[in-house]
Amino acid sequence: MSTTDPAPFPGQRGTRRWLTPDEEAAWRAFRRMLVAVTERTTKDLSPTDLSMPDYDVLSTLADRADRRWGLREMAEKMEWSRSRLSHQISRMQTRGLVDRLPDDTDRRGVVLQLTPQAWPRCVRRPARTSLRYDAGSSTT
């Protein structure tokens, strides 16, 4: 097997392959699956007027029995920056989905809480992503 591909542009030397053919096939299959799951989840969420980030936040809050998370800990769990989560919470707060409460243990901290009106949206209509994945297709 050659370790170089043809030059990407005329006049350039070939480049070293960074994936083997098997790795590239797996990577492309993963990317197709990621697109398919995202598209299907977005479609499933459309009747709820929830975005994917909304759903990510609500489902993470719903994972806790008391439906509360500290902003810092929740951002870590979701692998989001605190700034991104804070901006998302501000948008959701105006729609009555999430409350931002003072943290009794850290005066600088904030606790996020799922509102009573948001809870039914989590349990009544979760994303029902059901995919039949075909490695040769990019559609569901």
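How many bridges join β2 to strand β3? There are 5, and the two strands run antiparallel. One of these strands' residue pairs can be named: Val-98 has Leu-114 in β3 as its bridge partner.

**The model and its confidence**

The structure is a predicted model. Mean pLDDT for the protein is 81, with 74% of the residues at 70 or more.

**Overall make-up**

The protein has 140 residues, of which 26% count as buried. Its secondary structure consists of 5 helices and 3 strands, and from the N terminus these elements follow the order α-α-β-α-α-β-β-α. The accessible surface is about 9,800 Å², and carbon and sulfur atoms account for 51% of that area. Of the contacts between residues at least 6 apart in sequence, 48% link residues at least 24 apart.

**The sheet**

The strands form an open sheet in the order β1-β3-β2, and the pairing is antiparallel. From one strand to the next, the twist averages 25°.

| Strand | Residues |
|---|---|
| β3 | 110-114 |

**Helices on the sheet**

Helix α2 touches β1, β2 and β3, and its direction makes about 95° with that of β3. Helix α3 (residues 71-78) also packs on the sheet, where it touches β1 and β3. The direction of α3 makes about 95° with that of β1.

**The buried side of α2**

Which residues of helix α2 are buried? Helix α2 covers residues 52-62, and its buried residues are Asp-54, Val-57, Leu-58, Thr-60 and Leu-61. These residues lie on the same side of α2, because they cover an arc of only 165° around the axis.

**In brief**

The picture is of an open sheet of 3 strands, with α2 packed on the sheet in touch with β1, β2 and β3 and α3 packed on the sheet in touch with β1 and β3.

Definitions and conventions: Residues are numbered from 1 along each chain as its sequence is written. This is a predicted model: local features need pLDDT of at least 70, side-chain atom pairs count only at pLDDT 80 or more; totals for chains, interfaces and linings use all residues. Side-chain values use heavy atoms; hydrogens and water are left out. Buried means under 20% relative accessible area, exposed over 50%, partly exposed in between (1.4 Å probe, protein chains only). Helices (H or I, at least four residues) and strands (E, at least two) are DSSP runs, numbered from the N terminus. The arc is that of the directions from the helix axis to the C-beta atoms. pLDDT is the predictor's confidence in each residue, from 0 to 100. Two strands pair if DSSP finds at least two bridges between them. Axes are lines fitted to C-alpha atoms, for helices over the stretch in contact, and angles run from 0 to 180 degrees between N-to-C directions. Contact means heavy atoms within 4.5 Å. Accessible areas come from the Shrake-Rupley method with a 1.4 Å probe; for residues, only the protein chains shown count as cover.
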